[in-house]
Amino acid sequence: MRVALFLTCVNDTLYPDTGRAVVKLLTRLGVEVDFPMAQTCCGQAHYNTGYRYEAEPLARHFSDVFKEYEAIVTPSGSCGAMVRELYPRMGERARAEGRGGTLAATLAPVVPKTYELTEFLVDVLGVTDVGAYYPHTVTYHPTCHGLRGLGLGDRPRRLLEAVKGLELVELPGAEECCGFGGTFAVKNSDVSAAMGADKVRNAESTGARVLCAADNSCLMHIGGTMARLRSGMRPVHIAQILASTEGAAA
Amino acid sequence: MSGTYLGMPAFPEAARTAVRDATLRGNLRHATHTIRAKRAKAVSEVSDWAALREAGKRIKDHTLRHLDRYLVQVEEAVTAAGGIVHWAADADEANRIVTRLVKETGESEVVKVKSMATQEIGLNEALEAEGIRAYETDLAELIVQLGKDRPSHILVPAIHRNRGEIRDIFRSEMSEWGRPAPDGLTDTPAELAEAARLHLREKFLRAKVGISGANFVVAETGTLVVVESEGNGRMCLTLPETLISVVGIEKIVPAWRDLEVFLQTLPRSSTAERMNPYTSMWTGTTDGDGPRTFHLVLLDNGRTDTLADEVGRQALRCIRCSACLNVCPVYERAGGHAYGSVYPGPIGAILSPQLRGTGSEIDASLPYASSLCGACYEVCPVAIDIPEVLVHLRERVVQGGPVIRHGNKVVLKPAKGHAAERAAMRAAQWALSHPGALRTGQRLASRTRRLHPRTLPGPGRAWTGSRDLPEVPAEPFRDWWQRTRGGRDGAK
Amino acid sequence: MSSRERILGRVRRALADVPRDDAPYERAVGRDCLREHGERTVAETVELLAENLADYRAVVHRCTAGDLASTVAGLLAARGSRTVLVPPGLDPDWLASSVAERVPDRAGSTAHELDRIDSVVTGCAVAVAETGTIVLDGSADQGRRRITLVPDHHICVVRVPGQVVSSVPQALERLDPARPLTWISGPSATSDIELDRVEGVHGPRTLEVVLVDDQSRDEVRS
C-alpha cells in the first residue's frame, strides 16, 4: 500500500517530533510511508477565517500532491476534517456559484482516502495494540474536529488503553472545546484563554501528568496555557505515545 | 431590530468584560451545566431522536422552499377561522400595526407572553412611546423588565441572574410596577415564583389585551401554537378580549401532523422536559371561549433577506429552543449580552448578522464568536449546521459580495479592519502554494529560534497574553526527512 | 404596493433557485419517526401515564367507575374546597358525593369571579402516556379554557384506557385542530431561576389526575 504522510504545515514547522513518531509507528507496523515534499497546507485556516477563495488553490495543490497515493494519513483531526468534510463543500459551493464542477472533480479523489491517524490504525490496519510502552498516567482530550467532525469515537481511547504501562484517566468535561479554534484564539483571545484555563484545570484534577490529544494545534494552545499557568502537566500528541516502545521513548 | 443594541461594542470587547465578571461566570456555568446533563437525558429517552431531527429539518426546509404558498395558506385559514391577518415588512411597520390595534381597543396596558419576535422589533419601547404599558409576564422576562436589564438567553432571558440578585430586584422594583414583593422574601426559587404569581395575578385578571408570539403556525388549519411552562401564556392567550400575535414568517409548518415532530423535539431540547407544562393551540376565535378578536401579524424584518442566502437560509429552521446556547463554551463564558442582540449564542451569531446585515461592528464580529467546535450543530433539533453558516458569514465579512438587504440586491464591500488579515492570508496562500517558499520560511524560523521572544508585541499579544509560544524546533520535519531519507539512514 | 405583496414578492425572489418541480410535501417530508416508543400492553401504557404524570408533580389517583364519585369527593374534602367549578357537560354523577358548592360556569363569569373558586373538576379529551400529558379540547365536560386556569386546584378525570394513547403522534390524530386545545403536563412550572425546575406559578398549582377504569364500559383500545 502506498501511504502518504500528510503531516500538516503546523506539524512540519513546529512539531517535527510528531512527524517522526508517525513514521516510526507506521514503519513498525509494516507500512511503507512516503512524505511528498511538495505538500504544504490543506487551507483550513484560510477557509475557516472566511477566505474560501484563497483556500481553493491550496486544496487543488493538496489534491495534486496526494491524489496518486492509496491512503493519506494525517496526525490532525482538524486537517483531516478539512479534507473529508470541507473539500466536498468547497466543490459544491463553486458549482452553486456557477463556476462548474472542476473544483469538485479535482478534489474528489483525495476525499475518501484521507484518514486521521487513529482511524487509519484502527479501521485500515485493524490494530488497537500497536506494541507501545508508555509508563505514565495520561488523560485524553478528544479534539472537536476529530470528535464531532470525523466521528473518531473511541478509537483513540482503544489505542491508548492497549499501551503497556499507560494508565488512562477520565478527563472531566472532555468533550468541551479547549478554546483554540484557529484564528478564534487571537480574535477572541479572552474567551479562548478562559476556555483553555478551564481545560487545564480539568486536566489537572485528574492527577495525570500527561494530556494527550490527536491534534497539535489544540495541544499548542493547551500546552501554552499549561506553561503560562505553571502547570506540572505536559501536552503530548497521541502519535508520540503510540510510537514509544520499551527502552526507546519517541 | 430594537434600537437598544445599536452601538454595541464588537463581540470580543463585550466578552472581555463578561469573562472577568466572576459572578456572571458562576451563574452561567451553573445554569448551563445543569441543563446540559438534563437535556442529554431527555433526548436519550427517545430512541428515534435522529429521525425526529431529520424530519424537523425536512419539514422546515420544505416549508421555506415554498414559503409564499404557505403564507397565503396561513392567511386563508386564519381568516376563515375568524382571525384578522396583517403583514409587516419590518420592525417599524409591525410596531405601528400593533400600536394601532391596541389603541383601537381603547386600552392603555397590555399583558405579554414571552415572545422573541416582539423583543426583536422592540415592541415594548414602541408601545411605551405611545403611552401604552406592556407588562412582561414570563418570570424571566419580568426579572429583566423590573431590573431594567436586557435579555441574555432565548429561553431564560434572566439566566445571568442568580437567585439572590432576583430577590433583590423583586424587593426593590416590584412596587414600582404594581403589587410589591411580599415582606421577608427569601431567595428560594419557590418563594420567588410565588412573588411573581402574586404580582402578576391582578394584571392577568384585569387584562383586556394580550400580546404573544407563536412557536408554530399550521398552514393547513390556521392553528397557532404557544409552548410554555408557567401558565402566563395561557393567561394572556385566553383571558383578554383581544389577542395580537406577532409571528415571524418562518414559524409556519405545513400540516397539523407536523406538530408531532416538534412537540417531541422542542421541550426536550429547551427545558429538557418530556413535555413542557402547558401548550396552547388555537385556531382563529372560538365562540364563548377566549378572545373575541384575534389578530395575526406576519413579520418579515430581514427573514426574506436571510431566505435569499442559499447557505444562510437554514438559520430560519430555528425553533428557538436554546440548546445551542446551553452547550456552547463561548456563550458560557461570554454571556448573552456580548452578542448584542435578543438572539444570543451560536444561533444569534448566525441570525443577527443575517437579519440585521453585517454593517455594524457587533454584527460583523459575531461570525467570529465561535471556535467552530460543532457542539451547537450536534444538539440542534433541526440540524442547523451553525459552523457552516458562521464560516459562510465570515466570508461575507471579509470578501463582501452580493447580498439581499430589505428585499434589494446590494454588493457589500469587504469589511474594514480586515485589510491586514487579508494581506496576510493572501501572502500565506502564495507561500503555501510554493513549497520552496514555505521551506525558506521554516528554515529562517529555525535558524533564529533562540532569538524568538516569549511574548509578542502588537496583535501577537492576543496569543501570548495568556499562552506561551511553542518553541521552534531546530529543523522542520521536511529537512529531517530529506536528511535521513525518512529515518532510513538511522540518523536522528 | 401593500406589505403583503412586498413580502410575498421578496419570498419569491429569494426562492429563485428552487426548481419548479421541487419535491412535493409528501415526498419532501420523510416519515421515518416512530409512532410510539417501545412496546407496551394497555395496562403498561396506563401505568406509564401515571408514572410520567407523577414525575412532573401531578398527583395521580386511580379508581373504578363505581368509586369515582367518592374519590372526587374525598379529594375536594381533603383540599378543604368549599366551591367547585363545574363545566356545563360534566357528568353529574362525578360530583354526586361531594358537599362542595357547585358553581356552574357561565359565559358572564369574570376572571375575578373564577379566581374566588377553590377547585375545578373536568374530564379530558386524551391523555399521552409517554409524556405524562392530558389534553383538554373545550368539550362540554371540560368547559372554557379559563376555568382550568384560574382556580388553583384542578381535578382532571381520565377514563383509562379508553382516553389514553402512547405518544404525541397518536394524540394529534385524535384531536380536532379547530377546537381550542390545552396540553397540560403537570402543574405549572418554571425553569427561569438558574434553569432549575420549580413547580407552581400561574396556572393551578395543584393538578390531581384521577384515572378511572372504564373497561367495564368501553372496549379496550391498544
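Analyst: A word first on UniProt annotations: their positions are given in the numbering used here, and they may be inferred rather than shown by experiment. The model itself is predicted.

User: Which residues of chain B does UniProt give for "domain: Lactate utilization protein B C-terminal"?
Analyst: This name comes from an unreviewed UniProt entry. Over the span, chain B is 51% helix and 11% strand, with end C-alpha atoms 44 Å apart. The record places the feature at residues 393-483.

User: How far apart are the end C-alpha atoms of residues 138-222 of chain A?
Analyst: The unreviewed UniProt entry puts "domain: Cysteine-rich" at residues 3-83 and 138-222 of chain A. Residues 3-83 are 58% helix and 11% strand, with ends 16 Å apart. Residues 138-222 are 47% helix and 12% strand, and their end C-alpha atoms are apart by 15 Å.

User: What percentage of residues 103-212 of chain C is strand?
Analyst: UniProt lists this span as "domain: LUD", in an unreviewed entry. Its end C-alpha atoms lie 23 Å apart.

User: What percentage of the residues of chain C count as buried?
Analyst: Chain C has six helices and 12 strands. Its C-alpha atoms fill a box of roughly 70 × 45 × 40 Å along the principal axes. Of contacts between residues at least 6 apart in sequence, 73% join residues at least 24 apart. Of its 222 residues, the buried share is 50%.

User: Which two chains have the most contacts between them?
Analyst: Chains A and C do not touch, and their nearest C-alpha atoms are 10 Å apart. Chain A does meet chain B, with 56 residues from chain A and 52 from chain B. Of the two pairs of chains that touch, the one with the most contacts is chains B and C.

User: Which element gives the most to the side of chain C that touches chain B?
Analyst: Here 63 residues of chain C are in contact with 80 residues of chain B. Elements of chain C that give two or more residues to this side include α6 (168-174), β9 (181-184) and β10 (189-193). By class, the side has 29 nonpolar, 18 polar and 16 charged residues. The most, 10 residues, comes from α1(C).

User: And which element gives the most to the side of chain A that touches chain B?
Analyst: Helices that each supply at least two residues include α2 (16-28), α4 (52-66) and α12 (216-228) of chain A. By class, this side has 28 nonpolar, 18 polar and 10 charged residues. The most, seven residues, comes from α11(A).

User: What is the bridge partner of B:Tyr278 in β9(C)?
Analyst: Strand β9 of chain B covers residues 278-283. Four bridges join this strand to β9(C), and the two run antiparallel. Within β9(C), the partner of B:Tyr278 is C:Ile184.

User: Which residue stands opposite B:Tyr278 within chain B?
Analyst: Strand β9(B) also pairs with β6(B). Six bridges join them, and they run antiparallel. Opposite B:Tyr278 stands B:Glu228.

User: How many residues of strand β6 of chain B are buried?
Analyst: In a regular strand the side chains alternate between the two faces of the sheet. On one side of β6(B), B:Thr223, B:Val225 and B:Val227 are buried, and on the other so are B:Leu224, B:Val226 and B:Glu228. The strand is therefore largely enclosed by the rest of the structure, and its buried count is six of six.

User: Which residue takes a positive phi in the hairpin of β5(B) and β6(B)?
Analyst: Three bridges join the antiparallel strands β5(B) and β6(B). One bridge partner of B:Phe216 in β6(B) is B:Val225. Four residues lie between the strands, and the phi near 80 degrees belongs to B:Gly222.

User: How many residues does the largest nonpolar core have?
Analyst: Nonpolar side chains tend to be buried together in soluble globular proteins. Residues with the most contacts inside this core include A:Ile241, B:Ile386 and C:Val158. Further along in sequence than four places, the contacts of B:Ile386 include B:Cys324, B:Pro346 and B:Cys380. The core's total is 303 residues.

Terms used: Residues are numbered from 1 along each chain as its sequence is written. Chains are lettered from A and ligands numbered from 1 in the order in which they are written. Two residues are in contact if their C-beta atoms, placed from the backbone, lie within 7 Å. Ala, Val, Leu, Ile, Met, Phe, Trp, Tyr, Cys and Pro count as nonpolar, Asp, Glu, Lys and Arg as charged, and the others, Gly among them, as polar. Two strands pair if DSSP finds at least two bridges between them. A nonpolar core is a set of buried Ala, Val, Leu, Ile, Met, Phe, Trp, Tyr and Cys residues joined through C-beta atoms within 7 Å. A residue is buried if 20 or more other C-beta atoms lie within 10 Å of its own, exposed if 12 or fewer, and partly exposed in between; C-beta atoms are placed from the backbone.
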